[in-house]
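Open the model in your viewer and keep the sequence beside it.

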Amino acid sequence: MTLTVTDNQGATDTVTHSVSPSTPTQDISFLGANTYDNSAPSGSVNIPTVADGDTLLLFESHASTSISAATPAGWTLIGSTSSSNLRSAVYEKTASASDSGTPVAVNFSGTVKAEVTVAAYHNVSASAPIEAATSSTATNTSSHDTPALNGLSAGSWVVSFWTDKSTTTTAWTPPAAVTKRADVYGTAGGAVSALLADSGNAV
């Protein structure tokens, strides 16, 4: 960049410096979420409105450790866990604008009570990621703890997903430090319920 200064008598001087403009950091934002809860061999949800490059997270839980769930086409399995006749998994996908409003289905190896939740986030990147990398289990309790996360990058958001199999779960009360994004409640025997929340800002 070159700057030239001229004084009131017509004298001029010029100075030149090299500059390296950088792309401004853009904050992550939540776009929307949709849920499914039923007993069937497949659970389907519609993807919220997204743009090219947005990040999609897909969560599923089903009330059987003997029935398996197939990874939907185009999605990547990033974590799974099973305990006490409840199996859960989370998948990730980079969205394109054409995904908006389209269904995504999790297919099971048999008919099973299950919930499926899809969530969309904008401006997720390597420098401002959503962190989701660990799980924990608890039985016979109404309180579910989130596991600790270590080594978070500056600008990261943390997404938390709680799920249980219980005929008595009628409400989830998230911790005060997170923002609830979606919840779902199953009914009758083997009911599966779930809660999705995130940090709402960088941690």
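Select Ser-84. Ser-84 lies in the loop between β5 (76-83) and β6 (86-94). Strands here are DSSP runs of E with at least two residues, and helices are runs of H or I with at least four; both are numbered from the N terminus. The model is a predicted one: local features need pLDDT of at least 70, side-chain atom pairs count only at pLDDT 80 or more, and totals for chains, interfaces and linings use all residues. Residues are numbered from 1 along each chain as its sequence is written, and side-chain values use heavy atoms, with hydrogens and water left out.

**The turn**

Check the backbone of Ser-84. Its phi is near 50°, a positive value in a residue other than glycine. Is Ser-84 buried or exposed? Ser-84 is exposed, at a relative accessible area of 53%. The cut-offs are under 20% for buried, over 50% for exposed and in between for partly exposed, with a 1.4 Å probe and protein chains only.

Step to Asn-85. Asn-85 sits in the loop between β5 and β6. Phi of Asn-85 is positive too, near 65°. Asn-85 is partly exposed, with a relative accessible area of 36%.

**The hairpin**

Now colour β5 and β6. They form a hairpin with two residues between them. Seven bridges join these antiparallel strands. Two strands count as paired if DSSP finds at least two bridges between them. Pick Thr-76: which residue of β6 is its bridge partner? The partner is Glu-92.

Select Val-45 and find its bridge partner in β7, Val-104.

**The whole chain**

Zoom out. How many helices and strands does the chain have? There are zero helices and 11 strands. Of its 203 residues, 35% count as buried. Contact means heavy atoms within 4.5 Å. Among contacts between residues at least 6 apart in sequence, 66% join residues at least 24 apart.
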